[in-house]
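I opened the notebook to record what I looked up, in the order I looked it up.

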Amino acid sequence: MTVNTIMLLFLKNLLFTLLIPGSVGFVVPVFLIPHPEARFSVGAIIALLLLLVGTSIYLWTLIDFARHGRGTPAPIDPPKVLVVRGLYRYSRNPMYLGILTVIFGWSLLFLSTTILFYGLSVAIGFHSFIILYEEPKLMRTFGTAYVEYFQSVGRWLTLRMRPIS
């Protein structure tokens, strides 16, 4: 890949991240609380860990999409190669899990049932999008490679790994 191609891919991933996951996982949850007040507690420490872990999961999967898939998470510019490495060995949707982890971290940090219900709504939206759009699209795009991956790795989490050829 040329430097220009790498820079363009970086910019597309950055733009998508700021617009979609940035809004869904950071902007909206914070705006749902009129006057956010986080108090130092064990719960706050756990919440901050969830925020860190969720953000790390998202960034790791974003890098795998760019580096190995040669694409972005945006449906208009998806990876050109099926990504089945890294966290994608344990979940077909770790990026969504990362974003949900961030949202639930905000909910715990602010002790907010509003953010909790927002997170549950986002989870239902993600699940519906995956079943109705992503999985059929991936089946058409990657064929038997995706079928094998689909049968080997769980939609949300796989505790026992089966080999992917």
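Is D77 buried or exposed? I found D77 buried, with a relative accessible area of 13%. Here buried means under 20% relative accessible area, exposed means over 50%, and partly exposed lies in between (1.4 Å probe, protein chains only).

Before going on, I noted that this is a predicted model, in which local features need pLDDT of at least 70 and side-chain atom pairs count only at pLDDT 80 or more, while totals for chains, interfaces and linings use all residues. I also noted that residues are numbered from 1 along each chain as its sequence is written, and that side-chain values use heavy atoms, with hydrogens and water left out.

**Salt bridges.** I took a salt bridge as a side-chain nitrogen of Lys or Arg within 4 Å of a carboxyl oxygen of Asp or Glu. By this rule I have five salt bridges. One of them joins the side chains of K12 and D77, at 2.8 Å from N to O. K12 is in helix 1 and D77 in the loop between helix 3 and helix 4, 65 residues apart. Helices are DSSP runs (H or I, at least four residues), numbered from the N terminus. K12 is partly exposed, at 33% relative accessible area. D77 also forms a salt bridge with K80, with the closest N and O atoms 2.8 Å apart. I therefore wrote down K12, D77 and K80 as a network of salt bridges.

I next looked up R155 and E135, whose side chains meet in a salt bridge of 2.8 Å, N to O. R155 lies in the segment after helix 6 and E135 in helix 5, so the pair ties together parts 20 residues apart in sequence. R155 is partly exposed at 23% relative accessibility, whereas E135 is buried at 7%.

**Core.** A nonpolar core is a set of buried Ala, Val, Leu, Ile, Met, Phe, Trp, Tyr and Cys residues joined through side-chain atoms within 4.5 Å. The largest one has 30 residues, and W106 and L109 touch the most other members. Helix 3 (42-67), helix 4 (94-109), helix 5 (113-142) and helix 6 (144-152) each supply at least two residues of this core. Helix 4 gives the most, with eight residues.

**Helix 1.** I ended with F10, which is in helix 1 (residues 3-19). F10 is partly exposed, with a relative accessible area of 49%.
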